[in-house]
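User: I would like to go through the helices of this chain. Could you take my questions one by one?

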Amino acid sequence: MSTRPVRPRGKGSAWILAFVAFSGIGLGVLLAVGCAVGANECPFRPGPPSAGDARGIWLRSCAACHGVTGKGTRSGPSLISGKFAALTVPELEEGIARGKPLSGMPAFRRSMSPEEIAAVAAYVLGLRPGGPTASPTSSPPPGGPRP
Ligand code: HEC
């Protein structure tokens, strides 16, 4: 016959549960506030892509054909010398969005947002030897000149 006293253990675990629940909510609130003020730590920030994102896009989507440094490969021309180096930011954006299906340049307007296209266009500009060339409508790459 069991005479073991039944230990009331409800209170303790309830507190632990409450603690876990509240720290979870606290974390959520912190993230939400962080996102609201545009903090960089926000993991699901929907804002415009940063310079780092542009580099990621370039490496993921463009470098295979245009090379990591933009000087081209057998699959794509140089964007930092020759005729394509003269393109302005709006021309770059247009070229990236529309692509040139007949010559092997994919169109990115379906797979990339206008912000991403703008960011990667600015990134291309930053790859050029003289850095971003001055053109009336060009904007410097986000994050300033790279070393
Ligand atoms: C599958 C290979 C390939 C990929 C991937 C690719 N390109 Fe191209 N790209 C080309 C080729 C080939 C051309 C040359 C088109 C021509 O001869 O007119 C080109 C041309 C361009 C041009 C000039 C377009 C114009 O208006 O004349 C730009 C700008 C450009 N690419 C940027 C990019 C960017 C940015 C990415 C990534 C988002 C990218 N490309 C991805 C192959 C590629």
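Predicted model: local features only at pLDDT ≥ 70, side-chain atom pairs only at ≥ 80, totals over all residues.

User: What does helix α2 span between its end C-alpha atoms?

Analyst: Helix α2, residues 51–66, spans only 18 Å, whereas a straight helix of 16 residues would span 22 Å at 1.5 Å a residue.

User: Where does α2 bend?

Analyst: The bend is at Arg60 and amounts to about 45°.

User: And what follows α2?

Analyst: Gly67 follows α2, and its phi is positive, near 85°.

User: Which residues of α2 are buried, and what do they pack against?

Analyst: Ala54, Arg55, Ile57, Cys62 and His66 are buried in α2. The buried residues of this helix pack against α4, residues 114–127.

User: Changing topic: where does Met112 lie?

Analyst: Met112 is in the loop between α3 (89–98) and α4.

User: How far apart are Met112 and Ile57?

Analyst: They are 55 residues apart in sequence, and their C-alpha atoms are 9.3 Å apart in space.

User: Now the helix pair. How do the axes of α3 and α4 cross?

Analyst: The two axes come within 9 Å and cross at roughly 125°, which makes α3 oblique to α4. The crossing of α3 and α4 is right-handed.

User: Which residues meet there?

Analyst: From α3, Val89, Leu92, Glu93, Ile96 and Ala97 meet Ile117, Ala118, Val120, Ala121, Ala122, Val124 and Leu125 of α4.

How values were computed: Residues numbered from 1 in each chain as written. Helix = DSSP H or I, 4+ residues; strand = E, 2+ residues; numbered from the N terminus. Expected span 1.5 Å × (residues − 1). Bend = angle between axes of the 7 residues up to and from the residue. Buried ≥ 20, exposed ≤ 12 C-beta atoms within 10 Å, placed from the backbone. Contact = placed C-beta atoms within 7 Å. Axes fitted to C-alpha atoms, helices over the stretch in contact; angles between N-to-C directions. Parallel < 35°, antiparallel > 145°, perpendicular 65-115°, else oblique. Left-handed = near helix turned anticlockwise from the far one by under 90°.
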